Amino acid sequence: MAIKPKHLIVNLLLAAKSPVSSQILVGVCELFGITTNNARVTLARLTAEKMLQTSGRGFYQLGDSAVRLAEEMSHWRNIEDRVCPWQGDWIGVYIGALGRTDRTGLRRRLRVLQLAGFEALEQDLWIRPNNLDGGVEALRQRLYRLGLESKARIMSLGGFSVDEQQQAVLLWNVDALVTRYKEETQEMLHWMEGANQLETEEAARQSFLMGDRVLRHVAYDPLLPKQMIDVDLRVKYVETMSRYDRVGNSFFDEIYRNLGVVG
């Protein structure tokens, strides 16, 4: 599976706790078949786009344009801390007053709503269960921080009829989520059982490919309440990803040591 250098570099820096040297970034890119020239061109382009910024001679860290994403992704191990009991009510986001001509802005808007677990009840009305800690106000601030336009109307919704409530509940493909929890949990467990039989570079490559996919799924998980989904499966899924991440990082740590560069 081909990995784009931009995606790989940004994800490496998302996982890093300190600036990373260009030598390490280029070296890891080479593990994925990305040439040195391609990696260095990508570093320059990402810096120009303010996705990265330099930190000392030859070291990089996330830039201003990626900080919000980094903040959102950094709490994935503790996502259950966001969840509180659900009373059957909803949070709605009305986007009818927002423009549709800016395709880039439209994609960003939809990405933000999906990242926060919303689905479209109608064309301009997106909803999610009101089961996140802090309620409407906390979610409003999170949506704005992620880039949702300030003209969007964010509100509490309730009083649905039985049919309307059922229609709302069915917006999420719960069966697909449950299948993902089960299958990817088993996939990670199986990989960890045999990881030590792999060469370091191959283990690092495989761990990134699977971990990147699972982490994206965790980040976009709608965190549905127990009335809608088996929460225990989700908890096991995230706990397994946390263990998998530690194992995968151990191989990358060995690669960093072999590169002989201290970050």
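## A briefing on the protein chain

Of the 263 residues in the protein chain, 44% are buried, where buried means under 20% relative accessible area, exposed means over 50% and partly exposed lies in between (1.4 Å probe, protein chains only). Please keep in mind that this is a predicted model: local features need pLDDT of at least 70, side-chain atom pairs count only at pLDDT 80 or more, and totals for chains, interfaces and linings use all residues. Residues are numbered from 1 along each chain as its sequence is written, and side-chain values use heavy atoms, with hydrogens and water left out.

**Overall fold**

- The protein chain contains 10 helices and 7 strands; these are DSSP runs numbered from the N terminus, with helices being H or I of at least four residues and strands being E of at least two.
- Its radius of gyration is 20 Å, close to the 18 Å that the globule rule gives for 263 residues, so the protein chain is as compact as a globular protein of that length. The radius is taken over C-alpha atoms, and the rule is 2.2 Å times the number of residues to the power 0.38.
- Along the principal axes, the C-alpha atoms fill a box of roughly 65 × 45 × 30 Å.
- Of the contacts between residues at least 6 apart in sequence, 73% join residues at least 24 apart; a contact means heavy atoms within 4.5 Å.

**Surface and charge**

- The accessible surface of the protein chain is about 14,400 Å², and 48% of this belongs to carbon and sulfur atoms. Accessible areas come from the Shrake-Rupley method with a 1.4 Å probe, and for residues only the protein chains shown count as cover.
- The protein chain has 33 positive and 33 negative charges, whose mean positions are 7 Å apart. Lys and Arg count as positive and Asp and Glu as negative, while His and the chain ends are not counted; each charge is placed at NZ of Lys, CZ of Arg, CG of Asp or CD of Glu.

**Cysteines**

- The whole structure has 0 disulfides, a disulfide being a pair of cysteine sulfur atoms within 2.5 Å.
- C29 is buried at 0% relative accessibility, whereas C84 is partly exposed at 26%.

**Two serines to look up**

- S18 sits in the loop between α1 (5-15) and β1 (20-21), and is partly exposed with a relative accessible area of 40%.
- S22 belongs to helix α2 (residues 22-31) and is buried at 14% relative accessibility.
- Beyond its neighbours within four places in sequence, S22 is in contact with R40, L43, G58 and Y60.
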